[in-house]
Amino acid sequence: MSHKTPEEGGKEGLFRGVLNPVDRSTEVLFGLIMVMTFTNSINATDAGRADVRSMLIGALGCNLAWGIIDAVMFLMSSLAERKLSERTVQRARTADDAKTARYIIAEALPRIILPALSADDFDRIRMHLASLSADEVRARLGARDIIAALGVFLLVFLCTFPAVTPFIMMADTAIAVRVSNSIACGLLFLTGYSLGRQSGHPFRLGASMVAVGLTLVAIASVLGG
């Protein structure tokens with residue numbers, strides 16, 4: 001996962017500096033899918049205020065729990081990735097010869113850039129790794145990881161509120177369901193559009209995000225999610 005330093009990410013906002021666009025979009029998608037499975041499970045014709053209240057509590061509780069779970073899993077995944085990187089660095093540092101070290105380094109790099117690297121490039125990387133202190137190599141979580149995990153939690157949990165607000169503000173449940181779905185679809189589109197700006201196809205990706213989101217909600221509903 002590529003991260004910017006806090007200084008580089010300052011203009012994009014706190015969480016934009018530590019969560020890449022795919023991470024942010026994925027968390028919003030998950031949050032909206034989960035809340036939509038609740039908002040669309042209510043029987044709009046027969047539901048009373050007690051039913052709506054139960055749905056709201058269920059949606060908030062589900063996304064609160066999943067936000068916490070996702071944040072913890074994010075931290076565990078980050079630490080696991082760093083442990084693997086630490087292991088790779090240690091193998092390169094303790095390799096029996098330069099050829100073995102080059103092979104270990106090449107395994108850790110994206111295949112697409114390997115043709116651009118010479119033996120001297122690999123040797124410079126190996127020498128750099130050998131010069132690092134044990135403290136620099138050690139895998140551990142830092143403040144940026146905690147901030148990123150908090151961002152994951154907030155993205156999942158806060159997605160709940162725009163979708164459930166119509167049920168709080170409107171007495172007609174049928175209308176509230178339609179408005180809620182419209183808001184959720186709009187958020188899905190904006191999420192895909194924002195991600196698409198990185199690839200040059202914002203409208204296409206925005207529409208795709210809506211289609212994927214609605215399909216997953218339908219599947220989850222059919223399966224009793």
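The following conversation discusses a predicted model of a protein chain.

Trainee: How many helices and strands does the protein chain have?
Mentor: The protein chain has 10 helices and zero strands. Please keep in mind that this model is predicted.

Trainee: What share of the residues counts as buried?
Mentor: Of the 225 residues in the protein chain, 33% count as buried.

Trainee: And the contacts between residues at least 6 apart in sequence: what percentage join residues at least 24 apart?
Mentor: The figure is 69% of those contacts in the protein chain.

Trainee: Which residues touch the most other members of the largest nonpolar core?
Mentor: They are L32, V35, M36, I42, L56, F167 and L188, in a core of 22 residues. In general terms, nonpolar side chains tend to be buried together in soluble globular proteins.

Trainee: Which elements give two or more residues to this core?
Mentor: Those elements are α2 (21-39), α3 (49-93), α8 (160-169), α9 (173-199) and α10 (202-222).

Trainee: Which one gives the most?
Mentor: Helix α2 does, with six residues.

Trainee: Let us turn to α10. How far apart are its end C-alpha atoms?
Mentor: They are 30 Å apart. The 21 residues of α10, at 1.5 Å a residue, should span 30 Å, so the two values agree.

Trainee: Which residues of α10 are buried?
Mentor: The buried residues of α10 are P202, G206, M209, V210, G213 and V217. Viewed down the axis of α10, they fall within an arc of 95°, and therefore they line one face of the helix.

Trainee: What covers them, and which residues are exposed on the other side?
Mentor: The covering of the buried residues includes α2 and α9. On the other side of α10, R204 and V222 are exposed.

Trainee: New topic: how many aromatic pairs does the structure hold?
Mentor: The structure holds five aromatic pairs. One of them is formed by Y193 and F203, whose ring centres are 5.2 Å apart. Their planes stand at 75°, so this pair is edge-to-face.

Trainee: Where do Y193 and F203 lie?
Mentor: Y193 is in helix α9, while F203 is in helix α10. The pair therefore ties together parts that are 10 residues apart in sequence.

Trainee: Are those two residues buried or exposed?
Mentor: Y193 is partly exposed, because its relative accessible area is 26%. F203 has a relative accessible area of 58%, so F203 is exposed.

Trainee: Which residues do ring pairs link into a cluster?
Mentor: F153, F157 and F161 are linked in that way.

Trainee: How many disulfides does a search of the whole structure find?
Mentor: The search finds zero disulfides.

Trainee: What does V152 touch?
Mentor: Leaving out residues up to four places away in sequence, V152 touches L19, E27, D70, A71 and F74.

Trainee: And how far apart are V152 and R24?
Mentor: From C-alpha to C-alpha, V152 and R24 are 7.4 Å apart in space, although they are 128 residues apart in sequence.

How values were computed
Residues are numbered from 1 along each chain as its sequence is written. This is a predicted model: local features need pLDDT of at least 70, side-chain atom pairs count only at pLDDT 80 or more; totals for chains, interfaces and linings use all residues. Side-chain values use heavy atoms; hydrogens and water are left out. A nonpolar core is a set of buried Ala, Val, Leu, Ile, Met, Phe, Trp, Tyr and Cys residues joined through side-chain atoms within 4.5 Å. Buried means under 20% relative accessible area, exposed over 50%, partly exposed in between (1.4 Å probe, protein chains only). Helices (H or I, at least four residues) and strands (E, at least two) are DSSP runs, numbered from the N terminus. A disulfide is a pair of cysteine sulfur atoms within 2.5 Å. Rings of Phe, Tyr and Trp (its six-membered ring) pair if their centres lie within 6.5 Å; planes under 30 degrees apart count as stacked, over 60 as edge-to-face and the rest as tilted. The expected span of a helix is 1.5 Å times one less than its number of residues. The arc is that of the directions from the helix axis to the C-beta atoms. Contact means heavy atoms within 4.5 Å.
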